[in-house]
Amino acid sequence: MAYYYVEDIDASLIVVHMLQSCSKYFPVPTVVDGVDLKYKINTLNKLYTIWVDDKLNNSSYQSEIYKRICEMFFGNVFRHLPLLNSYTPDGEINTEIMWELKQLYPVYKVFSAFLNLNGFDEEKLMPYVDETFINALIRRMDNSCVETERDCVKEILFLLFKKTMYLKRYILQGTINSLLDYGHISINMGVKELLEMFKTLMCHRLIESPMIAKVLSPLIKRNGLCHYAGRLHECFETAVRKVDAGLGVFFVDNTIDQWWASAADVPSLCRTLAALYFEACGPEERRQTRQSVIGHVGGCLLKAAAVAVVDCTTVAACQAYAEFCGRLIDDAAANEGQTCGDGDAMERLAEGLIAVHRDHDDYDCVEHAGRLLRRLVSDERCLVGSVCRLVVLQVLVEDRPRMMTENLVDNTF
């Protein structure tokens, strides 16, 4: 690939002038966009077009341009951390947030386009982008409440990781530190984006097993798990398949150990444990953890059946346990020849389902438990012992859903 070296003084001066004219950040106006702001956004859009669409995509710029674009980026992005609240007390989107994004979005896109130039030279960037820059950029992403901005910053971090060798270790350490701080120091709006970065770092084999366990394990306990569970599941799978297969057993055991101390909602916890057990773990790892997982879900069903107050939260928890139970029954039925030693564990599952069927006050939970009990004692493939099967059949004969319906009718009339 032949690069066009920009030696033309006038061309370089024009780019320098364009970057200088975009370095000033304009505060929220009292009326409408000013002429200077319109000129700034226009100029940024022109620069983006030059570097993305034109022949200058192959240009190799002098160091002065690297200095100027970094100064422009600093002046706009690193003035202060983003605002913490994107909504006003009346529920409307914060005007300053939208105003800030209006200016910063073209800045992010121009900086990304510059990093993407085929003639980009990391040595010329080194005097201006260092560990402090990377930490500030990660902090910006982590603290922004606007997803569009977080995506822009994430794109820049990925480009810097791809294009510069000397910044890799700073991106690695900054990502790890931010994830370790989750729930303690930082605001952590960007935990999903950080986990995406972490996954990439694992794919490049830059993180060893002990650090992976240290970073990912605490994330199971956070009350925001529902917002980033999908990305966390991807990280678990990557860690097990790309780094260390033994991490699967560790994460399953760790999730069970932390279950009752977790601040996360039960459905998110169930989805996380299911992703670990059914997707991240291989056949051997599932064999090692099968009894503990089945026994744990059975115990959870017993607790769910004994709740004193039935509300949306407790019903959602019970349904989540029942759905997990259904997957365990499917797995046991599909691998019956390999799970013949799991009878006691499956009977623990049956015990939990019987308790829900007999004692829970929500009709849907009772009816769901009944369906699962029928599958456990199916004539085609009974998954429990003969004594347990008789108990289950006796419970099913009682037909509690019908009794609950009759009681409801009697109480109504």
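Which helices are included in what covers the buried residues of α12?

## Helix α12 and its cover

The cover of the buried residues of α12 includes α10 (209-216), α11 (225-243), α13 and α14, where helices are DSSP runs (H or I, at least four residues) numbered from the N terminus. This is a predicted model, in which local features need pLDDT of at least 70, side-chain atom pairs count only at pLDDT 80 or more, and totals for chains, interfaces and linings use all residues. Residues are numbered from 1 along each chain as its sequence is written, and side-chain values use heavy atoms, with hydrogens and water left out.

Because nine of the 12 residues of α12 are buried, this helix is largely enclosed by the rest of the structure; buried means under 20% relative accessible area with a 1.4 Å probe, protein chains only. Among the buried residues of α12 are Leu 247, Val 249, Phe 251, Asn 254 and Gln 258.

## The nonpolar cores

A nonpolar core is a set of buried Ala, Val, Leu, Ile, Met, Phe, Trp, Tyr and Cys residues joined through side-chain atoms within 4.5 Å. In the largest one, which has 125 residues, Trp 51, Leu 160, Phe 198, Leu 216 and Leu 376 touch the most other members, and α15 gives the most to this core, with 11 residues. A second, separate core of five residues includes Tyr 25, Phe 26, Leu 37 and Ile 41.

Leaving aside residues up to four places away in sequence, Phe 198 touches Thr 175, Ile 176, Leu 179, Ile 207, Ile 212, Val 215, Leu 216 and Cys 235, with contact meaning heavy atoms within 4.5 Å.

Note on methods. Buried < 20%, exposed > 50% of the residue type's maximum accessible area, 1.4 Å probe, protein only. Helix = DSSP H or I, 4+ residues; strand = E, 2+ residues; numbered from the N terminus.
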